[in-house]
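Q: Could you take a close look at the place where the ligand sits and walk me through it?

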Amino acid sequence: MRAHVNPASPFARKVRVVVRECNLGARVQEMDTAVSPVAPNRELAAANPLVKIPALLLDDGVTLYDSRVICEYLDSVAGAGLFPASGTARWEALRLQALCDGILDAAVLTRYETAARPEALRWSEWIDGQRAKIDGGLDALAREQPGWGSAFGIGQIAAACVLGYLDFRFPQLDWRSARPGLKTWYETVATRPSLRETAPPA
Ligand SMILES: N[C@@H](CCC(=O)N[C@@H](CS)C(=O)NCC(=O)O)C(=O)O
């Protein structure tokens, strides 16, 4: 299998963490793939019509996207149990993943708005709206984190990717001060090899 990823993408990081948590490193080749919403990557477009990473090319020619589908596929291949099979635990894990992906959507869109869009075209109310989603999402994570115990499934993987991305692209956001429990949780999980090996570039 070959995966379109890059070290800066938090959605690709979810997949890269799952590869490692599932011990699938020998079976998934990671291909560093540049993306830009205004300069579509043609090779990637052939694999994913949305021209986004991550995308996973299977050996039989099928391509999977997005990160949610790829992560669950890899978990099913490995039988690692990162996605609960059924019942309340499954819906809770999928909802937590959706919450984290929503925070990431807001953060990645803000990054494009502030780093890629010409200054004269920026819309500060829109940026404020995305910031409110990030803050609300982080508050929800802080409320829920005490219930996670030592679990490290897809929801917690996504949460770690959120916090790592905020540190990487928005260090001024200071998500820790008002959320000490989340801070302590992140300090602990960040020592896992899967997270250390996939940390965004300094
Ligand atoms: N819902 C998607 C989001 C993927 C995504 O937004 N990826 C970004 C990089 S972090 C991307 O490829 N952006 C390129 C673009 O928007 O054209 C997933 O979970 O994989």
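A: Let's start with Asp-66: one of its polar side-chain atoms lies 3.0 Å from a nitrogen atom of the ligand. That is a polar contact, meaning a pair of N or O atoms within 3.5 Å. Keep in mind that this is a predicted model, where local features need pLDDT of at least 70, side-chain atom pairs count only at pLDDT 80 or more, and totals for chains, interfaces and linings use all residues. Residues are numbered from 1 along each chain as its sequence is written, and side-chain values use heavy atoms, leaving out hydrogens and water.

Ser-67 places a polar side-chain atom 2.6 Å from an oxygen atom of the ligand, while Tyr-112 has one 2.8 Å from a ligand nitrogen atom. Taken alone, the ligand exposes 510 Å², and the protein buries 88% of that (accessible areas come from the Shrake-Rupley method with a 1.4 Å probe).

Now look at the whole shell. The ligand is surrounded by 13 residues, and Lys-52 and Ile-53 are among the closest; a residue counts as near if one of its heavy atoms lies within 4 Å. Eight residues of this shell are nonpolar, three are polar and two are charged. In this grouping, Ala, Val, Leu, Ile, Met, Phe, Trp, Tyr, Cys and Pro are nonpolar, Asp, Glu, Lys and Arg are charged, and the others, Gly among them, are polar.

Finally, the ligand sits in the largest pocket. Sitting there means that more than half of its atoms lie within 2 Å of the pocket's grid points; on a 1 Å grid over the protein atoms alone, a pocket is an open set with protein on both sides within 12 Å along at least five of seven lines.

How values were computed: Polar contact = N/O pair within 3.5 Å; in protein donor to acceptor, adjacent residues only side chain to side chain. 1 Å grid on protein atoms, 1.4 Å probe; cavity = no way out; pocket = protein on both sides within 12 Å on 5 of 7 lines; lining within 4 Å.
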